[in-house]
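My notebook is open, and I want to look up a few things here.

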Amino acid sequence: MTSTWRRLTDRLTGETEPETLWAEGVPDHIDVPIRDWLYEVLRNYDMASPVAVRLKLPSRILKSRDPYSELANLDDRMNPMLRLEVIDATLGCVQQALQGTHWQHRQTALSYARQLEGILREGDSAFAVSEDGSRLERRMDETLHATYYKAVEAGASKAETAADHLRAAFTEAYGIKPDPSAAYSRAIKAVEAVANPLFLPNAPEPTLGKVRAHLEQGGHKYEMVISDKTGAPADIDAVVAMVSLLWHGQRDRHEGGPTSAPVTLEAAETAVHTAAILVHWISNGSIRKK
């Protein structure tokens with residue numbers, strides 16, 4: 001939940017809370033709490049070696065008298081992402097180590113992750129802890145975040161692969177090392193996982209492009225659960241437009257063409273949220289046959 005706390009001077013003067021400016025990296029005002037959190041988790045779970053190996057850090061860290069402290073205090077002004085990578089690797093290594101263990105151990109680790117999220121949020125960090133506590137991801141508007149999770153739940157009810165692809169697309173777009181091309185590709189796969197069985201159940205090699213063609217040619221066979229201005233079920237023009245936008249926007253699908261181009265991070269983020277809406281609509285029956 002978003003904190004409603006405001007400084008005493010702001011409350012006394014009646015000033016409203018200013019818009020939050022998310023800080024990149026680990027800002028100075030949360031450096032000590034982050035260091036203390038890292039040290040405790042690294043030591044309690046004996047994670048110095050796994051984290052150092054995962055990040056391919058210099059051997060001097062593990063040779064030191066207190067590797068946990070070395071990692072917790074590790075900083076590099078030339079690489080402001082290093083602290084975040086240590087945090088991210090620590091979260092991932094802890095979760096990996098606890099796979100298959102008793103749920104109480106996993107719950108304890110999750111409580112550590114939530115403690116970290118509290119520090120990051122109160123410190124206005126641009127990064128947040130993922131819902132499952134396994135990694136860091138770029139912080140996004142809470143409304144968009146809620147829409148994404150609704151889509152994942154709806155997609156999982158129809159095809160588990162849709163939820164998996166959507167989660168992966170989100171991670172690739174909002175992780176600490178984004179991969180726009182992978183995010184866009186996963187977004188399309190998420191939609192295909194629910195759209196292909198509904199619109200092209202007998203097609204031997206269905207794709208989102210074929211779904212788009214099918215809906216353009218046979219859109220009169222479908223309707224939306226929402227009404228148009230006459231009170232009748234709305235047509236699916238909006239769905240066709242979104243599918244077309246998603247399909248045509250992947251400009252790196254093939255190389256060498258006159259319009260081929262790398263996928264930008266902004267385009268990938270837009271694709272992920274477009275896919276989330278489509279997965280949600282298709283999975284919960286918002287689009288139906290007449």
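I started with Asp-31, which counts as partly exposed because its relative accessibility is 23%. For my own reference, buried means under 20% relative accessible area, exposed means over 50%, and partly exposed is in between (1.4 Å probe, protein chains only). This is a predicted model, where local features need pLDDT of at least 70, side-chain atom pairs count only at pLDDT 80 or more, and totals for chains, interfaces and linings use all residues. Residues are numbered from 1 along each chain as its sequence is written, and side-chain values use heavy atoms, with hydrogens and water left out.

What does Asp-31 pair with in a salt bridge? I found its side chain meeting that of Arg-83, at 2.7 Å from N to O. Arg-83 sits in helix H6 (residues 82-97) and Asp-31 in helix H2 (residues 31-44), so the pair ties together parts 52 residues apart in sequence. A salt bridge here is a side-chain nitrogen of Lys or Arg within 4 Å of a carboxyl oxygen of Asp or Glu. Helices (H or I, at least four residues) and strands (E, at least two) are DSSP runs, numbered from the N terminus. Arg-83 is buried, with a relative accessible area of 5%.

Next I looked up Glu-117 and Arg-139, whose side chains form a salt bridge at 2.9 Å, N to O. This pair links distant parts of the chain: Glu-117 is in helix H7 (residues 103-122), while Arg-139 is in the loop between strand S2 (136-138) and helix H8 (142-158), 22 residues apart. Are these two buried or exposed? Glu-117 is buried at 17% relative accessible area, and Arg-139 is buried at 10%. I also noted that Glu-117, Arg-121 and Arg-139 are linked in a network of salt bridges.

Then I checked a pair within one helix. The side chains of Arg-212 and Glu-216 meet in a salt bridge of 3.1 Å, N to O. They are four residues apart in helix H11 (residues 208-218), so about one helical turn separates them. An α-helix has 3.6 residues a turn, so residues three or four places apart point the same way. Arg-212 is buried, with a relative accessible area of 16%, whereas Glu-216 is partly exposed at 48%. By this rule I get a count of 11 salt bridges.

I went on to Glu-223, which is found in strand S3 (residues 222-224). Glu-223 counts as buried because its relative accessibility is 15%. Which residues does Glu-223 touch, not counting those up to four places away in sequence? My list is Pro-233, Ala-234, Ile-236, Ser-286, Ile-287, Arg-288 and Lys-290. Contact means heavy atoms within 4.5 Å.

Helix H9 (residues 160-174) got a length check. Its 15 residues at 1.5 Å each should span 21 Å, and the end C-alpha atoms are 21 Å apart, which agrees. The expected span is 1.5 Å times one less than the number of residues. Among the buried residues of H9 I noted His-165, Leu-166, Phe-170 and Tyr-174.

Last, I zoomed out. The protein has 13 helices and four strands. Buried residues make up 43% of its 290 residues. The C-alpha trace spans about 70 × 55 × 45 Å along its principal axes.
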